[in-house]
Amino acid sequence: MAKMVLVLLILTGFTALSCASNSNVSFDQLFQPSWAPDHFVEEGQVVKMKLDSSSGAGFASKSKYLYGKVSMGIKLVEGDSAGTVTAFYMSSDGPNHNEFDFEFLGNTTGEPYLVQTNVYVNGVGSREQRLKLWFDPTKDFHSYSILWNQRQVVFMVDETPVRVHSNLEHKGIPFPKDQAMGVYSSIWNADDWATQGGRVKTDWSHQPFIASYKDFKIDGCECPDVWATADNMKRCSSGGDRRYWWDEPGMTELSVHQSHQLVWVRANHMVYDYCFDNARFPAAPAECERHSH
């Protein structure tokens with residue numbers, strides 16, 4: 001029975017022990033517009049954010065978090081979305097920030113969306129992976145999640161892992177573990193690079209470009225700005241009678257089933273992996289030696 005409960009925790013991200021556990025709460029409880037508030041429309045539990053020729057838009061969480069899981073349901077821009085980028089990401093502040101990115105790269109009508117993930121550690125990124133989704137993300141809402149603990153960062157689509165960034169500090173490779181992060185989303189014009197390397201530009205005759213959101217969930221350790229980094233690390237890690245679900249043994253790596261899912265994604269849907277880009281990296285980055293990213 002205990003094993004069954006642990007598996008359920010892994011698959012759903014549910015926990016009874018968390019600093020901030022929010023399930024299906026409203027947008028306004030967790031987030032606020034960070035720019036272009038006039039480009040937002042709320043329709044019941046759905047928030048729509050638009051890009052037009054005058055501006056894109058973005059929103060940010062009201063709090064920052066250290067470890068846990070964040071997720072939201074997103075329905076991407078329909079039709080000809082070439083040149084646009086919709087992003088869902090976590091990020092800390094400053095030039096040496098850490099960041100976990102989902103970037104959805106727009107397409108011409110009928111072409112598949114590309115999803116780009118990236119990881120920044122101490123201000124250094126260039127860890128892009130790209131994949132084609134196995135469904136049309138413009139027809140319905142799908143769940144996009146980021147799970148973060150001291151051992152790994154897992155990117156998930158409808159609870160299927162599509163990328164794992166593992167802690168390899170024992171090999172001298174930095175891992176993002178001590179900077180509290182906000183949760184963000186934005187939509188903007190990036191036709192200098194987003195679609196076919198910038199060859200296809202945004203067709204403004206199709207504006208506004210609208211991304212829709214619902215099912216906002218943050219299940220993590222909330223970190224007040226007044227707390228020092230060391231205090232956050234201590235407060236958000238298990239110790240003594242304090243236990244957090246993200247520190248449980250079953251969360252240190254993927255389950256066997258999840259590992260099989262990741263293998264399937266990489267074999268059938270990945271179209272780019274920085275680890276194998278010999279032109280950019282004649283010598284493979286150190287974290288790529290395991291070929292697990």
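This is a predicted model: local features need pLDDT of at least 70, side-chain atom pairs count only at pLDDT 80 or more; totals for chains, interfaces and linings use all residues.
Trainee: What makes the eight strands an open sheet, and in which order do they stand?

Mentor: The order is β2-β5-β14-β7-β8-β9-β10-β16, with antiparallel pairing. At the edges stand β2 (31-35) and β16 (270-273), and each has a single partner strand, so one side of each is left without a neighbour in the sheet. From one strand to the next the twist averages 15°.

Trainee: How do you know that β8 pairs with β7 and with β9?

Mentor: Two strands are taken to pair if there are at least two bridges between them. Strand β7 (residues 84-91) and β8 are joined antiparallel over seven bridges, and seven bridges likewise join β8 to β9 in the antiparallel sense, so both pairs meet the cut-off of at least two.

Trainee: What joins β9 to β10?

Mentor: Four bridges join strand β9 (residues 114-120) to strand β10 (residues 129-132), and the two run antiparallel; with at least two bridges required, they count as a pair. Within this part of the sheet, L114 stands opposite K132 in β10.

Trainee: Why is β8 called largely enclosed?

Mentor: Seven of the seven residues of strand β8 (residues 99-105) are buried, so β8 is largely enclosed by the rest of the structure. Buried here means a relative accessible area under 20%. In a regular strand the side chains alternate between the two faces of the sheet. For β8, E99, D101, E103 and L105 are buried on one side, and F100, F102 and F104 are buried on the other, so that both faces are covered.

Trainee: How do you know that helix α4 packs on the sheet?

Mentor: Helix α4 (residues 256-268) touches β10 and β16, where contact means heavy atoms within 4.5 Å. The direction of α4 makes about 90° with that of β16.

Trainee: What span should α4 have, and what is found in the model?

Mentor: At 1.5 Å a residue, the 13 residues of α4 should span 18 Å, and the end C-alpha atoms of the helix are 18 Å apart, which agrees.

Trainee: Which residues of α4 are buried, and which are exposed?

Mentor: Q258, Q261, L262 and V265 are buried in α4. These residues cover an arc of only 100° around the axis, which puts them on the same side of the helix. An α-helix has 3.6 residues a turn, so residues three or four places apart point the same way. On the other side of α4, V256, H260, V263, A267 and N268 are exposed, a word that requires a relative accessible area over 50%.

Trainee: Why is Q258 called buried, and what does its side chain reach?

Mentor: The relative accessible area of Q258 is 4%, which is under the 20% cut-off, so Q258 is buried. The side chain of Q258 reaches the backbone nitrogen of S255 at 2.9 Å, and this lies within the 3.5 Å limit for a polar contact.

Trainee: What makes S92 a buried residue, and which polar contacts does its side chain have?

Mentor: S92, in the loop between β7 and β8, has a relative accessible area of 7%, so it falls under 20% and is buried. Its side chain reaches the backbone nitrogen of N98 at 2.8 Å, and a polar contact of 2.6 Å joins the side chains of S92 and Q179. Not counting residues up to four places away in sequence, S92 touches H97, N98, Q179, A180 and M181.

How values were computed: Residues are numbered from 1 along each chain as its sequence is written. Side-chain values use heavy atoms; hydrogens and water are left out. Axes are lines fitted to C-alpha atoms, for helices over the stretch in contact, and angles run from 0 to 180 degrees between N-to-C directions. Buried means under 20% relative accessible area, exposed over 50%, partly exposed in between (1.4 Å probe, protein chains only). A polar contact is a pair of N or O atoms within 3.5 Å; within protein, one must be able to donate a hydrogen and the other to accept it, and residues adjacent in sequence count only if both atoms are side-chain atoms. The expected span of a helix is 1.5 Å times one less than its number of residues. The arc is that of the directions from the helix axis to the C-beta atoms.
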